[in-house]
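Me: I would like to learn how to read a model of a protein step by step, starting from the overall layout and ending with single residues. Could you take me through one?

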Amino acid sequence: MTEPGLDDVQLQSRRFRMEREADWLKLEELLERVSSKSVTSLTDEEMVALPRVYRSTLSALSVARETSLDQNVIEYLESLCTRAYFFIYGSRSTLSERIISFLTVDWPAAVRAIWKETLIAALVTIAAALVAYGLVMNDADWFYSFMPAMFSDGRDPAATTESLRETLYSEGEGGLSVFATFLFTHNARVALFAFALGFAFGAPAIVLLAYNGFILGSFAALFASRGLGFELGGWLLIHGVTELFAIVIAGGAGMRVGWALANPGDMTRLAAASKAARASSLALAGVVIMLFIAGLLEGFARQLITDDGLRYAVATATGLFWGAYFYAYRTEARP
């Protein structure tokens with residue numbers, strides 16, 4: 001049996017196009033009109049015809065692949081079918097609709113889905129802070145083991161009580177501004193690395209959360225030992241509620257990935273980790289928003305509000321807001 005010649009292949013390709021090209025051109029024309037105008041530009045008859053010409057074009061693509069027709073025809077049909085698929089079956093929501101859906105449904109649902117891991121991350125941070133707090137209260141020299149010397153800037157056990165008190169209410173570049181900038185940058189890094197290092201079975205995320213707790217606990221112990229614990233709490237929590245909540249969410253997201261690697265079930269480890277990472281990435285995207293809000297609170301609210309009661313009121317309000325936002329809203333994410 002002889003192979004078909006070039007002329008035979010070209011003739012077959014021309015006949016193929018002549019028989020089916022009308023549907024291709026119709027589909028292309030409809031897609032072009034929608035992309036240049038909107039879906040409302042199509043009539044009811046054209047909306048009904050669209051799935052039919054799409055199926056006809058998809059069938060033509062299948063035949064073209066099986067019979068090894070002209071590669072240019074195959075590539076054209078593949079491109080046309082891809083465009084039609086995303087129009088017919090893909091999401092056509094606007095950018096504003098996607099943002100609203102993310103904020104009202106997808107992000108809260110993603111955080112709720114990792115509530116166990118988030119709780120563990122919070123407990124690790126609190127436990128580390130309590131350990132550091134107890135060690136520093138019993139022996140002030142432990143402070144230097146937990147706090148980087150370059151950021152303490154004189155706010156250490158050797159500082160006077162009055163100088164420590166003054167830093168809590170000063171404005172501008174003085175006082176605790178340098179430390180606040182360090183703390184925010186450090187916390188942002190901890191949040192991102194806690195998620196990224198989840199692929200190492202979640203262990204680095206736990207270590208980072210513990211280290212962050214050590215820093216907070218040692219700093220709290222320093223001020224508490226001078227009778228300034230309440231005042232430091234107001235200074236820290238006015239933005240720290242949002243900031244620390246963001247960190248434990250990121251840590252929980254990283255743990256979810258690590259847990260999927262350690263216990264993939266019926267899936268491969270890579271597939272399980274990829275699935276967990278895709279689900280947790282929604283929570284991490286929201287963490288970026290929380291860190292931005294925390295930065296605004298740190299840069300403005302903490303500077304402008306110097307009354308301890310008001311600072312605690314803002315901290316309480318933010319805590320109630322995030323708690324209700326994530327855990328009281330029960331609409332599930334879209335599949």
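**Reading the fold**

Reply: The protein chain has 13 helices and zero strands, and since what you see is a predicted model, everything below describes that prediction. Followed along the sequence, the pattern of the protein chain reads α-α-α-α-α-α-α-α-α-α-α-α-α.

Me: What share of the 335 residues in the protein chain is buried?

Reply: Buried residues make up 41% of the 335. Turning to contacts with a separation of 6 or more in the protein chain, residues 24 or more positions apart account for 80% of them.

Me: How should I look for a nonpolar core, and which residues have the most contacts inside the largest one?

Reply: The general idea is to look for buried nonpolar residues whose side chains are joined through atoms within 4.5 Å. Here the largest nonpolar core has 37 residues, and those with the most contacts inside it are Trp107, Phe245, Ile249, Val287, Met290, Trp322 and Phe326. At least two residues of this core come from each of α4 (95-113), α5 (115-138), α9 (177-196), α10 (203-224), α11 (229-262), α12 (269-304) and α13, and α11 gives the most, with 11 residues. Apart from this core lies another, of 20 residues, among them Leu30, Val34, Leu42 and Leu50.

Me: With which residues is Trp107 in contact, leaving aside neighbours within four places in sequence?

Reply: Trp107 is in contact with Phe102, Leu282, Ala283, Gly286, Val287, Ile289, Met290, Trp322, Tyr325 and Phe326, once those neighbours are left aside. Trp107 also belongs to one aromatic cluster, which it forms with Phe102, Phe245, Phe321, Trp322, Tyr325, Phe326 and Tyr327.

Me: How is a pair of aromatic rings described?

Reply: A pair of aromatic rings is described by the distance of the centres and the angle of the planes. In this model the count comes to 17 aromatic pairs. One of them joins Trp142 and Phe146, whose rings are 5.9 Å apart centre to centre with 20 degrees between the planes, so that the pair is stacked, the planes being under 30 degrees apart. Trp142 is partly exposed, with a relative accessible area of 36%, whereas Phe146, at 11% relative accessibility, counts as buried.

Me: What are the distance and the angle for Phe321 and Tyr325, and where do these two residues lie?

Reply: Phe321 and Tyr325 form a stacked pair, at 5.7 Å centre to centre and with 15 degrees between the planes. Both lie in helix α13 (residues 308-327), four residues apart, about one turn of the helix.

Me: Is Phe321 buried, exposed or partly exposed, and what of Tyr325?

Reply: Phe321 is partly exposed, with a relative accessible area of 47%, while Tyr325 counts as buried because its relative accessibility is 19% and the cut-off for buried is under 20%.

Me: Where does Ala328 lie, and is it buried or exposed?

Reply: Ala328 lies in the segment after α13 and, at 53% relative accessibility, counts as exposed. The C-alpha atoms of Ala328 and Arg112 are separated by 9.6 Å, although these residues are 216 residues apart along the chain.

Me: Which residues does Ser280 touch, not counting those up to four places away in sequence?

Reply: Ser280, which lies in helix α12 and at 2% relative accessibility counts as buried, touches Ile114, Phe195, Ala253 and Arg256. Phe195, in turn, lies in helix α9 and counts as buried at 12% relative accessibility. With its neighbours within four places in sequence left aside, Phe195 is in contact with Ala250, Ala253, Gly254, Val257, Ala277, Ser280, Ser281 and Leu284.

Definitions and conventions
Residues are numbered from 1 along each chain as its sequence is written. This is a predicted model: local features need pLDDT of at least 70, side-chain atom pairs count only at pLDDT 80 or more; totals for chains, interfaces and linings use all residues. Side-chain values use heavy atoms; hydrogens and water are left out. Rings of Phe, Tyr and Trp (its six-membered ring) pair if their centres lie within 6.5 Å; planes under 30 degrees apart count as stacked, over 60 as edge-to-face and the rest as tilted. Buried means under 20% relative accessible area, exposed over 50%, partly exposed in between (1.4 Å probe, protein chains only). Contact means heavy atoms within 4.5 Å.
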